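Colleague: Here is a structure that I have not seen before, and I would like to go through it with you one question at a time.

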Amino acid sequence: MRRILLIATILFSLVIKAQESYKYIIVPSQFSFFKEADRYNLNTLTKIFFESEGFKVFFDTQDLPQELANNRCNALYVNAIENNSMFFTRIKFEIKDCQNKIILSSIEASSKEKSYEKAYQQTFRDALTSLKGKLKVANENLTISPANQEQEENKRSIRNNSYRKSTYK
């Protein structure tokens, strides 16, 4: 009985940890396997991907907002890992918390493309795509201005109308 309770407690704590949500992601301005910053625009590509997922993204060289500067544990840290061979370009992403624990890993994307720029862009896109929707974004208490409120009401009414039409067919 104690074992079952212990296992259940451990699983429950892992689920709770996995459900943590973050608002910020920090992307390195230069990946360790390149000699210059933002080579082939890959760091910018990574930043844009996470912004499209709803995060506030900063490069590690940028000034951070006060909330994040005071507590670095409010952010996740992205790192790309290169595992190239003679004929393949392979990239994998790891997302870590402030204690350097891996929260999430992407698939290892690979490419046979001969052009380095095309190969890296293809593998970065494939690896990032495998992360789509797997991280939970922290909700903020947003205030809606009157103009935005009208847009939100229009969206709701369109959704409700389309739902009504689909249920009565």
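Colleague: Which hand does the disulfide of C73 and C98 have?
Modeller: This is a predicted model, in which local features need pLDDT of at least 70 and side-chain atom pairs count only at pLDDT 80 or more, while totals for chains, interfaces and linings use all residues. Residues are numbered from 1 along each chain as its sequence is written, and side-chain values use heavy atoms, with hydrogens and water left out. The sulfur atoms of C73 and C98 lie 1.9 Å apart, and a disulfide is a pair of cysteine sulfur atoms within 2.5 Å. Because the torsion about their S-S bond is about 90°, the disulfide is right-handed.

Colleague: How many residues apart are C73 and C98?
Modeller: C73 sits in the loop between α3 (66-70) and β3, and C98 in the loop between β4 and β5 (102-105); here helices (H or I, at least four residues) and strands (E, at least two) are DSSP runs, numbered from the N terminus. The pair thus links distant parts of the chain, 25 residues apart.

Colleague: Where do the buried residues of α4 lie around the helix?
Modeller: The buried residues (under 20% relative accessible area, with exposed over 50% and partly exposed in between, for a 1.4 Å probe and protein chains only) of α4 are A119, Y120, T123, F124, A127 and L128. Seen down the axis, they fall within an arc of 145°, taken from the directions from the helix axis to the C-beta atoms.
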